[in-house]
Amino acid sequence: MSEISITAKRRTISTKSVVNKLRKEGNVPGIFYAKGIEPIPIYLPELSLRPLVYTSETHIVNLIIDDSEPRKSVLKDVHFDPVTDRIIHCDFMGISLDEKIEIEVPVVLEGTAKGIKEGGLLQHQMHRLKIACLPTNIPEHITVDITNLGIGESVHVKDLKLDNIKILHNDDVIIVSVILPRAAAEPTAPAEGEEVQKEPEVIAKGKVEEEE
């Protein structure tokens, strides 16, 4: 997988007013954490995060804090403003190349499902999958070929075959499927002038005897 180098600065003060000022200046506050060290409050330009956030690929980050040696890490979490959708916080997790980590990886669909040509609708339920593997085995994304997917068929987690990677979801979780459009699945109303066959009326025997 590819690597990206990003420069950040240490935050010495983390009051609400200071954090808000950083955001107004186009920066994003965050945390770097790793095994065996105290978490380091940091901040970095929002623009430098975009190649990591708005992408269908996963990257190893060489995080440089205050001109220190690059720290191998991954972008573990991102928070967005609910109104503006801007990035307002991020977490970087330090990694060791010989220790397995858990990380979410984007799912990319490949091909055009035959079921779509037959009038079906594509439903992409899982856009990211959580996996466990060594950092050197992290894929940029997981490709799912949907070319032969017909109407009523699905691709489940158990259908994926990935070397040296463990998917941390149940085998029966659906990743993508092709369904019949709702309008086609529902019974159609009778055309104007068309008679609707009714079920024969059933009269209870007790009622007949009572009337007699």
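This is a predicted model: local features need pLDDT of at least 70, side-chain atom pairs count only at pLDDT 80 or more; totals for chains, interfaces and linings use all residues.
Trainee: Among contacts between residues at least 6 apart in sequence, what percentage join residues at least 24 apart?
Mentor: That percentage is 66% for this chain.

Trainee: Let's turn to pockets; what volume does the largest pocket have?
Mentor: The largest pocket has a volume of about 410 Å³, and its lining is made up of 16 residues, among them Leu-75, Lys-76, Val-78, Glu-104 and Arg-128, which lie nearest the centre.

Trainee: Which element gives the most to that lining of the largest pocket?
Mentor: Strand β5 gives the most, with 5 residues, and the elements that each supply at least two residues are α2 (46-53), β5 (71-80), β7 (101-110) and β9 (128-133).

Trainee: How many residues of each class does the lining of the largest pocket have?
Mentor: Sorted by class, the lining of the largest pocket holds 7 charged, 6 nonpolar and 3 polar residues.

Trainee: What about the second largest pocket, how much space lies in there?
Mentor: About 200 Å³ lies in the second largest pocket, and its lining includes Tyr-33, Ala-34, Lys-35 and Ile-37, together with Met-93, Gly-94, Ile-95, Ser-96, Glu-99, Lys-100 and Ile-101. By class, that lining has 6 nonpolar, 2 polar and 3 charged residues.

Trainee: You mentioned Lys-100, so where is the place of that residue?
Mentor: Lys-100 sits in the loop between β6 (87-94) and β7, and it is one of the residues lining the second largest pocket.

Trainee: Is Lys-100 buried or exposed?
Mentor: Lys-100 counts as exposed because its relative accessible area is 66%, and the cut-off for that class is over 50%.

Trainee: Which residues is Lys-100 in contact with, leaving aside its neighbours within four places in sequence?
Mentor: With those neighbours set aside, Lys-100 is in contact with Cys-133 and Leu-134.

Trainee: Changing topic to the strands, in which sense do β8 and β13 pair, parallel or antiparallel?
Mentor: Strand β8 (residues 121-124) and strand β13 (residues 174-179) pair in the antiparallel sense, over 4 bridges, and strand β11 (residues 154-156) pairs with β13 in the antiparallel sense too, over 3 bridges.

Trainee: Which residue in β13 is the bridge partner of His-124?
Mentor: The partner of His-124 is Val-176, and Val-176 is also the bridge partner of Val-155.

Trainee: One last thing, what is the phi of Asp-66?
Mentor: Asp-66 has a positive phi of about 50°, although it is not a glycine, and its place is the loop between β4 (60-65) and β5. Asp-66 is classed as partly exposed because its relative accessible area is 39%, which falls between the 20% and 50% cut-offs.

Trainee: And what value is the phi of Asn-164 near?
Mentor: For Asn-164, another residue other than glycine, phi is positive and near 60°. Asn-164 is found in the loop between β11 and β12 (166-167), and Asn-164 is exposed, with a relative accessible area of 60%.

Technical notes. Residues are numbered from 1 along each chain as its sequence is written. Side-chain values use heavy atoms; hydrogens and water are left out. On a 1 Å grid over the protein atoms alone, a cavity is a set of points where a 1.4 Å probe fits but cannot get out, and a pocket is an open set with protein on both sides within 12 Å along at least five of seven lines; lining residues have an atom within 4 Å of a point. Grid points are joined across faces, edges and corners, and a volume is the space filled by probe spheres set on the points. Ala, Val, Leu, Ile, Met, Phe, Trp, Tyr, Cys and Pro count as nonpolar, Asp, Glu, Lys and Arg as charged, and the others, Gly among them, as polar. Two strands pair if DSSP finds at least two bridges between them. Contact means heavy atoms within 4.5 Å. Buried means under 20% relative accessible area, exposed over 50%, partly exposed in between (1.4 Å probe, protein chains only).
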